Amino acid sequence: MSTLYPEARFNRKSRVLSPEEVAEFGRRIDALRDATRAKIGEQDAKYIYRVRNFVRYTEIASRSALMFGGWIPPVWLLASVTLGVSKIVENMELGHNVMHGQFDWMNDPSMNGANYDWDTVCSGEDWKHTHNFMHHTYTNVLGVDHDIGYGVLRMTDSQEWKPRNLANLPMAFTLMVGFEWLLALQNLHLEDFLDGKAPLTKVLSKGGSFAKKATRQFTKDYVVFPVLAGPMFLPVLAGNVTANLIRNVWAFSIIFCGHFTEDVEMFENNLDKETKAEWYLRQLKGSSNMIGGKVFNFLTGNLSFQIEHHMFPDMPANRYVEMAPEVQKICAEFGQHYNTGSFAKQMTGVVKRIAIHSLPNETVKSIRTTLNLQAEKKGITGKVFKRLAKAAEYAPL
Amino acid sequence: MKAPAAANCTWQAKGNDMQATLTSSTNYQPAAYKPHWVREDFVDFVLAKINPLWTVTRTMARVENIEYIEDDMVKVTLSTNHLLNRRFKTFKAGQFIMLTVTIAGVRHQRAYSLVNTPENYAKTGRLVIGVKRQGRVSNYLAKQAKIGDVLEIAPASGEFMLTEEATPALFISAGSGITPIVPMIQQALERSKLPVTLIYYSRDPAFRMELETLAAAYPQFDLNIIVDSAEKPAFFDVETLERICPDAATRETYVCAAPGLMTATRKIWESFGWSDKMRQESFLPIKVDENAEAQLVNFRRSQREFEAKGNLLASAEAAGLTPTYGCRMGVCNACVCTKVSGSVRNQVTGEINDQNNVQIKLCVNAAISEVVIDL
Ligand code: FES
């Protein structure tokens, strides 16, 4: 058992490792990383250029279709969905990965992590701080990793319950619909204002890059392109709104499935004592994968390999698919739970997690006790309650 | 993993519930962020589909000719697009261009001196570079590049050029150090009748024909090519100087050669108190100071920590990281990144930089303390 995390916080599906085993686990992961890094080259460069071309051609095609044929309903629908897909790929497989510096080794300024800024309201600058630095370094560490509920959702029983958490589910739905705005505002920590910890002026004073990027995105999608389309103003506007919505819902779902499924663990702040090997373990326990085909992986920006992404955030994402079986094998050897499942299974876990944490821990416990008691009853009532009790079962509690 | 303190963050424990607030996350402010309206490479992407030389932000050049001028020296002639021509009207003799070639998916950049004069360029629209065959990019240019290839270049830069005022001049050079000097000599001869002397050491002198033609055309040009060999190397000393150029004190001196000759001339000029009358340029990578104590360097985005001895870029590469780089000698800014904390010494200027969150060039800085870099 590592000295770092209290045993209670570990998922019961994982074996407790001795410090020597932890170190060995780290060495094995390092070796996998080095072996894969040695293979990176032309093939990966070609891959990311192909992704970029896909984004550009789909954007040009869908915007032209909206502009010239937007009044024909099937054309409008196809073009809006294509634009949504284009934005999804731009944000996830291109922007997200490039901004991680996964392709910095190519020395191409247009694929350079420091320069890239993606097609979403969140400014690249802000995101490189909240995501690349804060989230990836302090993954699932309570009070530090702001991605845990983005300051507004209650995602674990270790978070203090507040009455506003009763709205956990509707709040999550709102975040899903307006996901790009949530990311954009993340750096402002609006919850500090909600909780009365900071005045609104102070919270907003950090909104410099937000204002600039939001103006740019809003003007581009909702003013420039519709106005350019002239008589096609409304179809183009509606198409752009739809495309952004599609992208928001998809991105939110993939990201929440990557970190907030049932089996994902949260950590307390023990970082100053953490070794690299323990960091790997934390990334493993704090992430979850999804099983899907090639198209699915592509559309998730390979975040269906969230575990691998978190262990190797600067490795070209197209390599995760070949690393994943290796990681899974190492995890099996060390008796560590490798959290993976279908999109539907992981999404169910997420919804359950959000729903359960809208109530205080004690309430959840007493509901559970009641359900279990009722479940012991005979007949149809018992059966119904048995079902309900099973549904209310939840790993970390 | 480093404790967050290394990244200039403060942890505030709230009671004993282990909850912490990272104040840096709330105080974080990006410097002068400006979103682009249209991605510049998008415009280039579309234009280049029509003509590979049509680019707005990148500058492209077509290979017109590749010619060996000695065993390991190649002369490459490039033509540029009209946008670029406008930019290049301003280049100065003695400057270099950065040339980019993509080899196995990686864009490599190297600096090459322009060997034709700006006047010649204005007339012909051609840029001529001297390529010494050493290293990956030069080998690629010499062996694999074909006439008609389109390469990316960056506008001319470099501080090694003639003084504004025409003065009598002495040029000292050896080997491939001759490349920036050829157009400088030509320009010096064309602009005034003041004497120009060249001392040029070489085993296989490149540009001999060009230089001899100049010597024939301009009586004020004193050409001294010293052909040496591995068995009989020639050395530059005070005696040689006095023999070839007794009035060196009255001249502006330009030196471009390997470090040995550079140091020798610098010492002589220092001893005579003429240091302010000498300009130098070296194209060799910065030498690593082997004696420097190893320092712990933390690349925080890639979560890697390694021991750096001397040069940060080389140490990072030795540790298996692949930071962006270009010229590796501190002129192209490609490797610039944010140093979050720690002290570094600039290996070129000797300057010590101990401030937090400043931009530094990895290729010319050595850590002199523990350093955290935002990469
Ligand atoms: S590579 Fe040249 S400045 Fe860094």
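## Nonpolar cores

A nonpolar core is here a set of buried Ala, Val, Leu, Ile, Met, Phe, Trp, Tyr and Cys residues joined through side-chain atoms within 4.5 Å. In this predicted model, the largest such core has 76 residues, and those with the most contacts inside it are A:Phe25, A:Phe256, A:Met311 and A:Phe312.

When residues up to four places away in sequence are not counted, A:Phe256 touches A:Tyr150, A:Leu153, A:Met155, A:Thr261, A:Val350 and A:Ile354.

## A helix pair in chain A

Helix α5 (residues 168–177) and helix α10 (residues 233–259), both of chain A, have axes that come within 7 Å and cross at roughly 125°.

On the α5(A) side the contact involves A:Ala172, A:Leu175, A:Met176 and A:Val177, which meet A:Leu245, A:Asn248, A:Val249, A:Phe252 and A:Ser253 in α10(A). Sorted by class, this contact holds seven nonpolar and two polar residues, with no charged residues.

## Positive phi in chain B

B:Phe207, a residue other than glycine, has a positive phi, near 60°, and lies in the loop between β10 (196–202) and α7 (208–217) of chain B. With a relative accessible area of 4%, B:Phe207 is buried.

B:Gln303 is likewise not a glycine and has a positive phi near 60°; its place is in the loop between β14 (295–299) and β15 (304–308) of chain B. The relative accessible area of B:Gln303 is 9%, so this residue counts as buried, the cut-off being under 20%.

Technical notes:
Residues numbered from 1 in each chain as written. Chains lettered and ligands numbered in written order. Predicted model: local features only at pLDDT ≥ 70, side-chain atom pairs only at ≥ 80, totals over all residues. Heavy atoms only, no water. Buried < 20%, exposed > 50% of the residue type's maximum accessible area, 1.4 Å probe, protein only. Contact = heavy atoms within 4.5 Å. Axes fitted to C-alpha atoms, helices over the stretch in contact; angles between N-to-C directions. Helix = DSSP H or I, 4+ residues; strand = E, 2+ residues; numbered from the N terminus. Nonpolar A, V, L, I, M, F, W, Y, C, P; charged D, E, K, R; others polar.
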